[in-house]
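Welcome! Here is a short tour of a model for you to explore. Please keep the viewer open as you read.

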Number of protein chains: 2
Amino acid sequence: MLTTEKRRQELRAVLIDAAERAISTGGLAAIKARELAKEARCAVGAIYNVFPDLDALIFAVNARTLALFEHFVARVESSPPAEGDDNPAVARLVRLASAYLDFAAANHARWRALFDHRIVGPEGETIPDWYIAEQARMFSLVEKPLAALRPDMDDESLRLFARTLFSAVHGVVGLGLDAKLLALPPAVLHRQVEMLVRSVAAGLLAERRDRLPG
Amino acid sequence: MLTTEKRRQELRAVLIDAAERAISTGGLAAIKARELAKEARCAVGAIYNVFPDLDALIFAVNARTLALFEHFVARVESSPPAEGDDNPAVARLVRLASAYLDFAAANHARWRALFDHRIVGPEGETIPDWYIAEQARMFSLVEKPLAALRPDMDDESLRLFARTLFSAVHGVVGLGLDAKLLALPPAVLHRQVEMLVRSVAAGLLAERRDRLPG
């Protein structure tokens, strides 16, 4: 019994590795059961013994990509901050946004797969709960420095603003790396991300000043 | 001769109509030569007499979507502004961003096709020049109110900032309408877009104040 379970786990890992390589080179379109089975040296049917369907396999790859991103951000956060007389929360937001850009540029196809993967079932799209929880962790990275910037904001507004700022940076990175809208060189993209985060932060601080009793 | 050319133009229009309907219901994945030929009552080969390939047909549909968007925005811009003691440039930016959200929500599949359509040829992605010019027009909508807000900025910075703000709003709209990240209700999305644009604008004004000789 144990051996069967162990073999299942091994096949799972081998399949995730193969799917990860396929996505890294060809994106989601490269996920094909026959190719994966060939790579993993198993029968096509064996894939469905360890994954309910290919979407579940893609989610497993995407979870790895998210973990890789968290690891990447943690390394950036532990490095000493750049010099300057910046507000530390603003500096942290700029570093987070820059890290996001760097990660997306370095892992372009895998990063796109995080957002391009859509499952439309009979009841609309379905996403595993654990995947939603992973994504919430990503937003919460932004919440902390925002809370330091605006201790007056309630939790719900902070959560919404964190998601908004994340999405805004995501938009700049996504369109910037997308050749269709004339891909921008990395230095320009960094400038864009920084100008966006700095003006949002300056706006948040200005709005707070305006609200303080004069 | 003339009749042949006229027939070509007619077939072109019928094919664009058919492709537009296909994209509106099933997205880019619904673009299939056989289906289109059936809809247009022509032979599959006839498609390639009027379009070099299906990508060119998709560009033609996307150009219509962009024109529809410009028309939509023009109507919003000509309507009387909301009440309030807003800076008129800020109010205009908020209205543009809201219009973008409304258009994307109302024409979701067509709007996604504008960004999902990628052509990778042997020399990388290729985009017709006229399509790039169309997109530049979209960015320039944002440039005017930005210039009013920051007359001190040089043209290059304004252009880059306009593209940045467009991309940021696009990110909020795109992730907000995407069910995978928990689709948000329209009212929350409007709040997000407005808080983003207002804080960017407040930041731009604050940065300008800081720069003015005291």
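Which residues touch the most other members in the largest nonpolar core?

## The nonpolar core

This is a predicted model. Its largest nonpolar core has 97 residues, and those that touch the most other members are A:Leu146, A:Val169, A:Val173, B:Leu146, B:Val169 and B:Val173. As general background, nonpolar side chains in soluble globular proteins tend to be buried together.

Setting aside neighbours within four places in sequence, you will find A:Leu146 in contact with A:Leu93, A:Leu158, A:Phe161, A:Ala162, A:Leu165 and A:Leu204.

## Aromatic pairs

Now for the rings. Over all chains, there are 14 aromatic pairs. One of them joins A:Tyr100 and A:Phe166, with 5.1 Å from centre to centre and 65° between the planes, an edge-to-face arrangement. This pair links distant parts of the chain, since A:Tyr100 sits in helix α5 (residues 88-106) of chain A and A:Phe166 in helix α8 (residues 155-177) of chain A, 66 residues apart. A:Tyr100 is buried, with a relative accessible area of 5%, and A:Phe166 is buried too, at 7%.

In chain B, have a look at B:Trp111 and B:Phe115: the ring centres are 5.7 Å apart and the planes meet at 65°, so this pair is edge-to-face. B:Trp111 and B:Phe115 are four residues apart in helix α6 (residues 108-116) of chain B, which means that about one helical turn separates them. B:Trp111 and B:Phe115 are both buried.

Back in chain A, one aromatic cluster is made up of A:Phe69, A:Phe72, A:Tyr100, A:Phe103, A:Trp111, A:Phe115, A:Phe139 and A:Phe166.

## How the two chains are related

The same surface serves both copies, as 98% of the contact residues of chain B recur in chain A.

## The interface

Finally, the meeting of the chains. In chain B, 47 residues are in contact with 46 residues of chain A. Between them, chain B and chain A bury about 4,000 Å², with 63% of it on carbon and sulfur atoms.

For charged contacts, the count between chain B and chain A is two salt bridges. One salt bridge is formed by B:Glu156 with A:Arg191, where the closest N and O atoms are 3.6 Å apart.

Methods: Residues numbered from 1 in each chain as written. Chains lettered and ligands numbered in written order. Predicted model: local features only at pLDDT ≥ 70, side-chain atom pairs only at ≥ 80, totals over all residues. Heavy atoms only, no water. Contact = heavy atoms within 4.5 Å. Phe/Tyr/Trp six-rings, centres within 6.5 Å; stacked < 30°, edge-to-face > 60°. Helix = DSSP H or I, 4+ residues; strand = E, 2+ residues; numbered from the N terminus. Buried < 20%, exposed > 50% of the residue type's maximum accessible area, 1.4 Å probe, protein only. Core = buried A, V, L, I, M, F, W, Y, C linked by side-chain atoms within 4.5 Å. Buried area = accessible area lost by both parts, 1.4 Å probe. Salt bridge = Lys/Arg side-chain N within 4 Å of Asp/Glu carboxyl O.
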